[in-house]
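Have the model open beside the text as you read.

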Amino acid sequence: MQFTQFGDGEERVLFVLGWGNRTHHENVRWLVDELVGAGYTVDVGEIPDHGSDFDAGYVRPTQRHHDTTEPDRILSHSTGGLVAAHLDSPAPRVYLSPWWGMGGEGLLGRLVAALPTDRPIVPVPFEEGALGDLATERQREEGPDRIAPAFLRTVADAQSRLPDVRDESVVFCSLRDQVVGVDAIGNHAPAERTVLYDGGHELFSSSSRERTVEWVLAALDDGPDALTDPVRTARSRSE
């Protein structure tokens with residue numbers, strides 16, 4: 001795990017990125033800049049592309065950084081959302097497209113995960129536009145193009161023992177997400193604390209981000225109470 005600090009606000013956000021995200025990617029930095037502009041100090045955690053022990057390689061390093069910095073809020077995306085769900089923390093959490101379920105991979109996916117190797121040999125099946133219509137060529141080139149069966153196994157294990165969603169948590173997702181199991185998000189997160197956005201897997205790489213980020217910042221500030229703000233709701237529906 002690698003952590004980079006941005007901003008110098010009074011309140012601190014731990015932002016755990018997803019698989020293949022890079023701190024320097026333009027769209028990731030767009031969201032980080034929005035957080036800094038809102039007055040936060042942001043610790044961005046970049047996760048390893050490959051690993052065979054989810055707790056040792058992902059959760060524990062993040063927990064150590066959390067315990068050192070004591071963030072006021074936790075924000076996460078995709079695989080980072082699986083990491084964040086396993087953290088021992090009183091901090092409110094906002095999840096962006098969390099990878100809480102494998103989706104409809106079926107028998108083939110289970111057979112791939114069962115292969116006895118930790119080498120990244122399985123091509124990543126992302127279709128064009130799956131990340132979002134603003135995803136850059138740099139994102140696609142620098143992200144991993146293959147995934148290891150051992151990584152899929154340890155992710156599936158972490159998903160199988162997913163803790164309950166805390167009452168102060170808010171989840172954002174797109175029903176058009178082709179990367180993670182949207183059904184798993186629906187089964188795990190209460191509807192009244194789930195916000196749908198129009199776009200791909202990455203909210204920050206989707207053109208709807210300009211209006212959706214207001215909800216993300218509000219959820220970080222106020223938790224689920226932000227979703228019942230009639231003024232903000234009316235403004236969102238009019239855009």
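## Val170 and its sheet

Let's begin with Val170, which lies in strand S8 (residues 170-173). Please keep in mind that the model is predicted. Val170 counts as buried because its relative accessibility is 0%, and the cut-off for that label is under 20%.

What surrounds this residue? Leaving aside residues up to four places away in sequence, Val170 touches Arg93, Val94, Tyr95, Arg193, Val195, Ala219, Gly223, Pro224 and Leu227. Pro224, one of these contacts, is 54 residues from Val170 along the chain, yet their C-alpha atoms are separated by 6.0 Å.

Now for the wider view. An open sheet is built from seven strands with mixed pairing, in the order S1-S3-S2-S4-S5-S8-S9. Strands S1 and S9 are the edge strands, each pairing on one side only. From one strand to the next, the twist averages 20 degrees.

S8 and S9 are parallel to each other and pair over three bridges. Within this pairing, Phe172 has Val195 in S9 as its bridge partner. Val195 is also among the residues that Val170 touches.

A helix joins the picture too: helix H1 (residues 26-37) packs on the sheet, and its direction makes about 155 degrees with that of S3. The strands that H1 touches are listed here.

| Strand touched by H1 | Residues |
|---|---|
| S1 | residues 2-6 |
| S2 | residues 11-16 |
| S3 | residues 40-46 |
| S4 | residues 73-77 |
| S5 | residues 93-96 |

Note on methods:
Residues numbered from 1 in each chain as written. Predicted model: local features only at pLDDT ≥ 70, side-chain atom pairs only at ≥ 80, totals over all residues. Heavy atoms only, no water. Helix = DSSP H or I, 4+ residues; strand = E, 2+ residues; numbered from the N terminus. Buried < 20%, exposed > 50% of the residue type's maximum accessible area, 1.4 Å probe, protein only. Contact = heavy atoms within 4.5 Å. Pairing = 2+ DSSP bridges. Axes fitted to C-alpha atoms, helices over the stretch in contact; angles between N-to-C directions.
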